[in-house]
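Below is a short report on how the chains of this model meet and how they are built. Please read it with the structure open.

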Amino acid sequence: MGGPVGDPTPVWAVVALPLVLAALTYSAAAMDSAFHSGGGFVAPLREGVRLVVQQRRRTLAPDALLARIGVISLPAAALLAATVIPLDGGSVWEPPVSVVWFNAMEVVAWGSLWLAGWGVNSAFPLIGGYRFVAQGLAYELPHMFALITAGLGAGSLDLTEVAAAQDGLWFAVWMPVAFAVYLLSAVAMTFWGPMSHPVADDAAGGVAAELSGPDRLLFFAGRLALLTVAAAAAVPLFLGGGAGPWLPGWAWSLIKTYAVLALLVWVRGGFPVLRMDRFMTAAWMVLIPATLLQALVVGIVVVN
Amino acid sequence: MQTVAFWVLAVGAVGFGVAVFVVDSMARATFALLASFLCVGVELLLLDLDYLGVLVILMMIMEMLVMAVFMIMYMMNPGGLMPMTMVHNKRGALAISGSVFAALAAGVFLTPWPERRGSVPADPTFSVGESIMGPKMLVMMVIGIAILATMVASVVLATDRGRYDRPPGRADGAK
Amino acid sequence: MSLQTFLLLAAALFSVGLYGALSQQSIVMLMMGLELMINGLLVAGAAFWFYVSPGTADGQVLVLVAVTVMALEMAMGFAVVTALFRARDVDVTDDAGDLKG
């Protein structure tokens with residue numbers, strides 16, 4: 001999204017980033033409606049307009065400040081995470097530890113959900129918020145180990161360099177466990193599909209139960225934006241970045257991002273919702289040892 | 001530009017820190033503390049400490065969310081809907097902390113600090129990684145054992161059933 | 001921006017945290033005071049690294065230790081509060097003075 005490494009970021013890239021993210025997020029919403037509800041390309045637009053003009057519902061004695069922070073921080077975190085994702089050899093902002101930055105911004109979702117659930121002063125949203133904190137504790141450690149494994153394979157915490165280190169072989173091929181755990185935690189961090197217990201129907205919509213109007217729009221758009229960013233980060237982390245024949249780098253990045261995004265969107269349909277305490281058991285008993293073994297294997301390969 | 005950022009963040013860090021003990025709502029207090037930590041994390045970024053700054057941001061978000069759960073669990077007035085104070089010896093605490101600040105501030109400006117030795121390495125993250133895996137490895141090993149001890153101790157303290165006790169009728173331990 | 005201003009910030013954070021740790025009755029709020037004090041320590045450690053000896057990584061290691069100590073302090077603190085609360089429904093420091101000499 002910026003120029004090559006080392007150049008100062010051009011102004012147009014800073015302006016273009018939110019637009020690109022918004023376009024990708026919209027297409028994720030469109031794919032979701034096409035896959036699952038049979039709606040057309042304009043269905044999300046119609047829903048968005050409906051939410052914008054809808055009147056806000058009020059609850060008794062809400063903590064409006066915290067609820068507002070929770071709702072706004074979700075899309076804001078997605079945008080801040082997107083600043084470090086390289087599209088064509090460079091990103092809008094290039095900290096040398098962009099993998100850690102991406103991880104930090106995606107943890108913001110914990111705060112967003114808890115605050116949005118707490119702020120509206122209603123039982124079901126609060127339950128949803130607590131569910132997400134528990135789910136976060138379950139997915140976060142395997143997720144971190146998966147990220148570290150990719151960084152270990154590349155010898156760098158910079159997404160651009162991680163992508164560049166895969167010119168021969170994609171990390172997805174020789175770190176399959178880390179890649180699978182990454183995709184699973186991308187679903188978990190966006191409380192999407194089988195991991196949507198924090199907003200599940202058994203709690204009347206969980207965190208989102210009392211959100212209405214523009215708040216609801218921002219919340220669910222932020223969730224899709226986070227899903228989009230997670231899909232986009234999978235490309236430099238595991239799928240070779242912009243590398244590919246014939247087409248330029250940015251085109252390959254976009255194609256791969258769309259492929260991962262389509263997979264993640266498709267997942268929503270076919271699986272039952274997992275209770276987060278069961279996921280916690282699975283994550284700590286199976287996923288953490290598996291990712292540690294994966295990191296060990298990669299470490300041995302890297303040292304030799 | 002950097003100086004402006006420093007002062008804005010410094011005022012933010014201290015201001016949110018004060019807010020922790022001023023606001024009524026425990027949820028707000030927790031997130032005021034988080035805001036203070038986020039300001040400090042960005043201050044570390046200003047000092048070229050990319051890794052440690054982002055690490056502080058990452059860890060503190062997770063830590064404060066866990067904190068929030070316990071705050072709500074143990075405080076009498078989590079939402080701040082019934083204003084109340086829970087302090088003891090407020091005047092003494094103010095006097096002590098005020099004089100500590102005065103002493104520290106005097107020390108800051110009166111001490112002849114040593115000259116700067118060396119220069120910032122090209123990659124501070126690499127240098128800290130190399131040092132904890134080399135000359136400072138003992139520090140990391142002690143931290144590792146401390147973390148393990150804390151995990152064991154906190155589980156032992158916090159559980160009321162103990163390691164081998166299961167709910168009746170669920171001998172396999174499943175939920 | 002200089003060593004002095006960073007240390008002043010650290011001192012301010014430390015003092016605010018000290019006030020909280022001394023004055024709060026609730027153990028959880030007391031721990032928030034302790035966290036603020038360690039927060040000041042982070043700033044001081046980072047500032048000493050940058051302005052005094054950036055050549056070696058000692059200051060960075062100190063910050064790393066402080067961050068870890070913060071997490072450990074919180075884990076142990078909450079475990080103790082939980083045990084205390086289970087045993088006698090207590091969550092304020094004034095009711096837990098058994099070790100007072």
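## Chain A against chain B

The contact between chain A and chain B takes 19 residues from chain A and 20 residues from chain B. On the chain A side, helix H4 (residues 98-119) gives the most, with 10 residues. By class, the side of chain A that touches chain B holds 15 nonpolar, two polar and two charged residues. The model is predicted, and totals for chains and interfaces use all residues.

## Chain B against chain C

How many residues does each chain bring to this contact? Chain B brings 68 residues and chain C brings 61 residues. On chain B, six named helices each supply at least two residues of the side that touches chain C: H1 (2-22), H2 (26-46), H3 (50-74), H4 (90-110), H5 (124-132) and H6 (137-158). Which of them gives the most? H4(B) does, with 11 residues.

The side of chain B that touches chain C divides by class into 47 nonpolar, 13 polar and eight charged residues.

## Annotated spans in chain B

An unreviewed UniProt entry annotates "transmembrane region" in chain B. According to that record, the annotation covers residues 6-23, 30-47, 53-74, 94-113 and 137-158.

Residues 6-23 of chain B are 94% helix and 0% strand. The end C-alpha atoms of residues 6-23 are 25 Å apart. Residues 94-113 of chain B are 85% helix, again with 0% strand. For residues 94-113, the end C-alpha atoms lie 29 Å apart.

## The fold of chain C

Chain C has three helices and zero strands. From the N terminus on, its elements run α-α-α. Why does chain C count as more spread out than a compact globule? The globule rule gives 13 Å for 101 residues, but the radius of gyration of chain C is 17 Å, well over that value, so chain C is more spread out than a compact globule.

The C-alpha atoms of chain C fill a box of roughly 50 × 25 × 25 Å along the principal axes. Of the 101 residues of chain C, 57% count as buried. Among contacts in chain C with a separation of 6 or more, 51% come from residues 24 or more positions apart.

Notes. Residues numbered from 1 in each chain as written. Chains lettered and ligands numbered in written order. Predicted model: local features only at pLDDT ≥ 70, side-chain atom pairs only at ≥ 80, totals over all residues. Contact = placed C-beta atoms within 7 Å. Helix = DSSP H or I, 4+ residues; strand = E, 2+ residues; numbered from the N terminus. Nonpolar A, V, L, I, M, F, W, Y, C, P; charged D, E, K, R; others polar. Rg over C-alpha atoms; globule rule 2.2 N^0.38 Å. Buried ≥ 20, exposed ≤ 12 C-beta atoms within 10 Å, placed from the backbone. UniProt positions renumbered as here; feature names shortened; annotations may be inferred.
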